[in-house]
Amino acid sequence: MKNILLITLFLFITNCIFSQTSIYPDSVGTKVFYENGYTYQAERLGSGIIKVYNSDNKWINIAKIHKLTGDFPDENTPDLESNEWYKQTENLYSILEESYSNEEKEKIKRVGRKGIGFVELFINPETGKVDDVRFSFFRLSYYMYIPVSKFREIELKIKERLQFEVTDYGKQFNYIYYWNDYKFK
């Protein structure tokens, strides 16, 4: 009887120690995180995608339009200079690689294709700097356990370290939209 009680107690304690709870919405909808000096939102879409971003944004959920005419852009015309785009993409990858611990990367990779994360950048056409950042991931991925503070850390690094060169065409719009998917090596 004593052994059964000890085993039961051990299993209960082990479960408490190793169980993790997702901090993001379990169902379709929005959850707001009030953090130390900033506020983030997490939206769960019907497709099972979670989108996480700073609530203090300018361009997320705003249509990209021509500043003078209000027309939508021709998506076949480049907004960013290609050579600089490649360099900044490598910088983005470096930021992502350095921001996650090896343990987090391994847990993210274990999920297979669900381990892909997406980063959306909303770039200021006048300065080439990033105004807004939105992170997206599948709800069944390990990203569900990454705290908002990690996304905030990455957002600040992106805004500080990325500088795009905008084409004359791109300067005609209210912002430049760029996204990238990323899977750890």
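Begin with the largest pocket, whose volume is about 270 Å³. A pocket here is an open set of points on a 1 Å grid over the protein atoms alone, with protein on both sides within 12 Å along at least five of seven lines; lining residues have an atom within 4 Å of a point. Select Thr 77, Pro 78, Asp 79, Leu 80 and Tyr 177, the closest to the pocket centre of the 15 lining residues. The model is predicted, with local features needing pLDDT of at least 70 and side-chain atom pairs 80 or more, while totals for chains, interfaces and linings use all residues. Residues are numbered from 1 along each chain as its sequence is written, and side-chain values use heavy atoms, without hydrogens and water.

Next, colour helix 2 (82-99) and strand 6 (176-182), each of which supplies at least two residues of this pocket lining.

Move to His 66, in the loop between strand 3 (49-54) and helix 2. His 66 counts as buried because its relative accessibility is 14%, buried meaning under 20% relative accessible area with a 1.4 Å probe, protein chains only. Beyond neighbours within four places in sequence, His 66 is in contact with Asp 71, Gln 172 and Phe 173, contact meaning heavy atoms within 4.5 Å.

Finally, select the lining of the largest cavity, which includes Leu 96, Tyr 100, Phe 118, Phe 135 and Tyr 182. Strand 4 (117-123) and strand 5 (130-138) are the elements giving two or more residues to this lining. The cavity, a set of points where a 1.4 Å probe fits but cannot get out, has a volume of about 80 Å³.

Notes
Grid points are joined across faces, edges and corners, and a volume is the space filled by probe spheres set on the points. Helices (H or I, at least four residues) and strands (E, at least two) are DSSP runs, numbered from the N terminus. Buried means under 20% relative accessible area, exposed over 50%, partly exposed in between (1.4 Å probe, protein chains only).
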